[in-house]
Amino acid sequence: MIRVATEKLGELFSVLQIDHLDDHNTRDTPGRVARMLVEETLRGRYDPPPRITDFENAQAFDQMIVTGPIELRSTCAHHLMPIYGHAIVGALPSADGRIIGLSKYDRIVDYFAARLQIQEELVKQIGQHLVDVTAPRGLAVRISAVHMCKTHRGVRASHRSRMVNSAYYGELATDRALQGQFLQECATLERGVAR
């Protein structure tokens, strides 16, 4: 895949009149970009989801767990420009269920972000995967991100311009008080980001 992508990127450079054969700055760029795409930027398309380490919920903990901000880096599916920001995940574990390792939330966010994305689908992919593998009573995912397809082209918006969206599942989808608690925890966590 990397070899063929390198050849095709070389063809694209030629079409764009970028010297990738003799210019010392771009000579190896098609190969570097091909490796970056397959091994880093789009690896979520080719690698399996991260393994989930879970633990017995020995104390029958059933209150909300909120973790974040989780660094988020992705690539816009429409213009191949970076998306960057953070995600926050809230979970209501089942008293008789299992608790997952805290770092797994970060790994799942990273996994689904490592592909061409639009934020409206990314937030739901993260949420649905967590629901499928952890079966919580409720779950919420919130993403706040800057889209460079908006800041570096088109209207060239400020980097302060962000998109924020959330996805709710189970009790967090139906209980306004729980949603309010989640959003309050998000605001507390995000104040630390702004400093």
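Start with the cartoon of the whole chain. The secondary structure comes to 8 helices and 7 strands. Helices (H or I, at least four residues) and strands (E, at least two) are DSSP runs, numbered from the N terminus. This is a predicted model: local features need pLDDT of at least 70, side-chain atom pairs count only at pLDDT 80 or more, and totals for chains, interfaces and linings use all residues. Residues are numbered from 1 along each chain as its sequence is written, and side-chain values use heavy atoms, with hydrogens and water left out.

Zoom out. Along its principal axes the C-alpha trace spans about 65 × 35 × 25 Å. Of the 195 residues, 38% are buried (buried means under 20% relative accessible area, exposed over 50%, partly exposed in between; 1.4 Å probe, protein chains only).

**The sheet**

Select β5, β2, β3, β6 and β7. In that order these 5 strands form an open sheet with mixed pairing. Two strands pair if DSSP finds at least two bridges between them. β5 and β7 stand at the edges with a single partner strand each, so one side of each has no neighbour in the sheet.

Next, take β2 and β3. They pair in the antiparallel sense over 9 bridges. T75 stands opposite P82 in β3. The hairpin has 5 residues between the strands, and L80 there takes a positive phi near 60°.

On to β5 (residues 116-117). This strand runs parallel to β2, joined by 2 bridges. Pick C76: its bridge partner in β5 is Q117. Is Q117 buried or exposed? At 3% relative accessibility, Q117 counts as buried. Leaving out residues up to four places away in sequence, Q117 touches S74, T75, C76, A77, I83, F112, L122 and Q125. Contact means heavy atoms within 4.5 Å.

Cross to β6 and β7. They run antiparallel, joined by 8 bridges. G138 stands opposite G170 in β7.

**The cores**

Show side chains. A nonpolar core is a set of buried Ala, Val, Leu, Ile, Met, Phe, Trp, Tyr and Cys residues joined through side-chain atoms within 4.5 Å. Which members of the largest core touch the most others? Among its 25 residues, they are L72, I126, L130 and I143. Two or more residues each come from β2 (65-76), β3 (82-92), α4 (102-113), α5 (119-134), β6 (138-147) and β7 (163-170). α4 gives the largest share, 6 residues.

Centre on L72. Beyond its neighbours within four places in sequence, L72 contacts I83, Y84, G85, H86, A87, V109, A113, L122 and I143. Another core, of 8 residues, lies apart from the largest one; M64, L92, L172 and F182 are among its members.

**Helix α1**

Finish at residues 2-15. α1 has 14 residues and reaches 20 Å from first C-alpha to last, close to the 20 Å expected at 1.5 Å a residue. The expected span is 1.5 Å times one less than the number of residues. L9, G10 and F13 are buried in α1. They cover an arc of only 105° around the axis, which puts them on the same side of α1; the arc is that of the directions from the helix axis to the C-beta atoms. The buried residues of α1 pack against α2 (29-41). Last stop: Q17 follows α1, with a positive phi near 60°.
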